[in-house]
Amino acid sequence: MNHNDDSLIQRRDYLKWMGAAGLAATGVSGHAQSAWPNKPIRWIIPFAPGGTSSIVARSIATQLTKQMGVSFVIDNKGGGGGVPAMQEMMRTPADGYTIVMSHIGLMAVNPLIYPDSGYDVNKDFVPVTLLSRVPSLFVVHKDVPVTDMKSLVAFVRSRPGQLNYASAGNASAGHLAMEALKLATGMFITHIPYRGTGPALNDVLAGRIQLMSAGTPALLPHIKSGVLRCIATGTTERIAVLPDVPTVIENGYKDFETVQWYGIHARAGTPPEIINRLQQECAKAVKSPEVVAQNASESAIAGGGTSAEYAAYVAREQARWKEVVIKGQIKPG
């Protein structure tokens, strides 16, 4: 895909730059910090390419590159529920030149299921800003003979454990959304984790897996083409891009809400002026015509708020998803 080609080119340029600049960089850390940013910024995405996290990151990275005059290099590092990506972040300097795409699994669930990861998300990382909240969709392959939530629940209950759902991996947003739906409805569906939304989606599109939950950016084109059928949304109200699809709440499961959210975290100890600058640039980027148009096309809600606001949001999500993790017996894969 072109996106991946672009990523490879960007990364090659970054490595070339680092090689050329390696000697020159020694002994000038004070100057480098004061002039931040004066070299490419690496943005670790803890999933394989092709998922919502990569789609959100690419649109924001394009704007930040334009605004700040340095390249934002997308570096996809999938697998392990995002723990290896966060461990890699821990090995980088707290200088603002490496950031990570943070989301529900990394921040709200992994602390519960990976207690020996070697880091504390609330102490070793600092929130920069929330970038986007993306509706969770619940879809089935077109060959599954159900048209709505009622018929899905009846179909699954008549075949307990015989249907499978795909996710981007253990503790991914799609895994959590489906487990929350299973708890609400009493359905028994087997979880098949993958190393990212892209690989998971491929098997659902091929009909090898029957169900999936993911965000609008990854699923919408396939719903429009008719390969996937959207059964319900996890939002509290219907979304503009799928106005005929009811919410899970409308189907009688009150207080049900799942949205995927994406933001940026940096290493704890990163100078506050760098955190503030990056937050302000992101707030500008999410208001750019290109990002506004993309969000509208996916019924996504833009972020851009302060570091403190994102910290409070993460804290609320950590509390909210604890029950699903415990009741759903979500464990590392």
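**Working chat on the model**

Analyst: Of the 333 residues in the protein chain, 55% count as buried (under 20% relative accessible area with a 1.4 Å probe, protein chains only; exposed is over 50%, partly exposed in between). This is a predicted model, where local features need pLDDT of at least 70 and side-chain atom pairs count only at pLDDT 80 or more, while totals for chains, interfaces and linings use all residues. Residues are numbered from 1 along each chain as its sequence is written, and side-chain values use heavy atoms, with hydrogens and water left out.

User: What does the pLDDT average for the protein chain?
Analyst: The average is 89, and 89% of the residues score at least 70. pLDDT is the predictor's confidence in each residue, from 0 to 100.

User: Where does pLDDT stay under 50?
Analyst: Residues 1-9 are one such stretch, with five contacts beyond four places in sequence (contact means heavy atoms within 4.5 Å). Residues 17-33 are also below 50, and that stretch has six contacts beyond near neighbours in sequence. Where pLDDT is low, the predicted coordinates should not be read in detail.

User: How many helices and strands?
Analyst: The protein chain has 12 helices and 10 strands. These are DSSP runs numbered from the N terminus, H or I of at least four residues for helices and E of at least two for strands.

User: Which residues of α9 are buried?
Analyst: In α9, residues 216-225, they are Thr 216, Pro 217, Ala 218, Leu 219, Leu 220 and Ile 223. Their cover includes α3, β4, α8, β7, β8 and α11. After α9 comes Gly 226, with a positive phi near 95°.

User: Switching topic, at what angle do α7 and α12 cross?
Analyst: The axes of α7 (173-185) and α12 (307-327) cross at roughly 70° and come within 10 Å. That makes α7 roughly perpendicular to α12. Axes are lines fitted to C-alpha atoms, for helices over the stretch in contact, with angles from 0 to 180 degrees between N-to-C directions; under 35 degrees is roughly parallel, over 145 roughly antiparallel, 65 to 115 roughly perpendicular and the rest oblique.

User: Which residues meet there?
Analyst: Leu 176, Glu 179, Ala 180 and Leu 183 of α7 meet Trp 321, Val 324, Val 325 and Lys 327 of α12.

User: And Ser 307, buried or exposed?
Analyst: Ser 307 counts as buried because its relative accessibility is 19%. Ser 307 is in helix α12, and beyond four places in sequence its contacts are Val 126, Pro 127, Val 128, Ile 275 and Gln 279.

User: How many aromatic pairs?
Analyst: Five, where rings of Phe, Tyr and Trp (its six-membered ring) pair if their centres lie within 6.5 Å, with planes under 30 degrees apart stacked, over 60 edge-to-face and the rest tilted. Tyr 119 and Phe 125 make an edge-to-face pair, 5.7 Å centre to centre with 90° between the planes. Both of these residues are buried. Trp 261, Tyr 310 and Tyr 313 form one aromatic cluster.

User: Where is there a cis peptide bond?
Analyst: One joins Trp 36 and Pro 37, with omega about -5°. Pro 37 sits in the loop between α2 and β1. Most residues other than glycine have a negative phi, and most peptide bonds are trans.

User: What about the phi of Ser 299?
Analyst: Ser 299 has a positive phi near 55°. Ser 299 lies in the loop between α11 and β10, and counts as buried at 18% relative accessibility. Gln 329 also has a positive phi, about 50°, but counts as exposed at 59% relative accessibility.
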